[in-house]
Amino acid sequence: DVDEGPLLNWVHGYGDTLWMVGNEGRILRRIGDGPFEVIETEEKQNLWGVWTASEDEAFAVGGDPLAMGDPDPVILHWKNGQWSRMTIPKTEQSFKALFKVWGTSANNVYAVGANGVILHFDGREWQQQASGTARDFISIWGRGPNDIVAVGVRANGMIARFDGTSWTHTVLTGEPGMNGVWMNADGHATVVGGRGRILRFAPSQTDYIREKSENRLLLHGIWGAGDGSLFSVGGTLDRNPPWKGATIQDLGQP
């Protein structure tokens, strides 16, 4: 059970350690079959994403994309038993929030966010990587350092692929904004988004197949299980409350 508190936005784990992050800097941790515990920090910004590099190291990102005043995007680092803010580098464009974080190791981590910002951490410092766009990235996932996918945008969908050297982005004309991405070990990526869209991309490709689905509610996240099945969740997140949830299972992963 999770105690009442601000909205939780994302979850990720490694081994027996599970992290959940949410609004107003809320962070929960669960180890093994134990209870969820609140990890206190001084952070008050909304946290949108978390990625766990090991049982002893994790990264969380956030910020307020609608805030007035100076931008205050957040990267938090869990190491040596505590969360601390990391220094965000100067970027070519101003941005107010980072939405998701993913990596292949604690020395190779990517964070994506508003205005097309992509940041990379090499174990020492964060640096910006050129994305070629000023449109928001909402999510990121990959299968290795030379094959990573980021997706996003609020109106028209967009996909960007990293080949180990550079990012190349493509606008998905006619598709709504994309919110979640999962890539399997073979490099097939499944992307979900507005109006219940489920798109499937072959390795290293930006052409796609649209999966058939009766669901028309927004899909926000997607995850692949060890047996090859896929799960996606979402709902009426783009509407006023009361909200209705949606769960899609077995999306036909190749």
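Analyst: What follows is a set of questions about the terms applied to this model. The model is predicted, with pLDDT of at least 70 needed for local features and 80 or more for side-chain atom pairs, whereas totals for chains, interfaces and linings use all residues. Residues are numbered from 1 along each chain as its sequence is written, and side-chain values use heavy atoms, leaving out hydrogens and water.

User: Why is His220 called partly exposed?

Analyst: Buried means under 20% relative accessible area and exposed over 50%, with partly exposed in between (1.4 Å probe, protein chains only). His220 has 25% relative accessibility, and therefore counts as partly exposed.

User: What does His220 touch, beyond residues up to four places away in sequence?

Analyst: Contact means heavy atoms within 4.5 Å, and His220 touches Trp10, Lys100, Asn179, Gly180, Val192, Val233, Gly234 and Leu237. Asn179 is 41 residues from His220 along the chain, yet their C-alpha atoms are separated by 5.1 Å.

User: How do you know that strands E11 and E12 pair?

Analyst: Two strands pair if DSSP finds at least two bridges between them, and strands themselves are DSSP runs (E, at least two residues), numbered from the N terminus. Four bridges join E11 (residues 118-121) to E12 (residues 126-129), so the antiparallel strands meet that condition. Within this arrangement, Phe121 stands opposite Trp126 in E12.

User: Which residues touch the most other members of the largest nonpolar core?

Analyst: A nonpolar core is a set of buried Ala, Val, Leu, Ile, Met, Phe, Trp, Tyr and Cys residues joined through side-chain atoms within 4.5 Å. Of its 52 residues, those touching the most other members are Phe59, Leu98, Trp126, Ile140 and Trp167.
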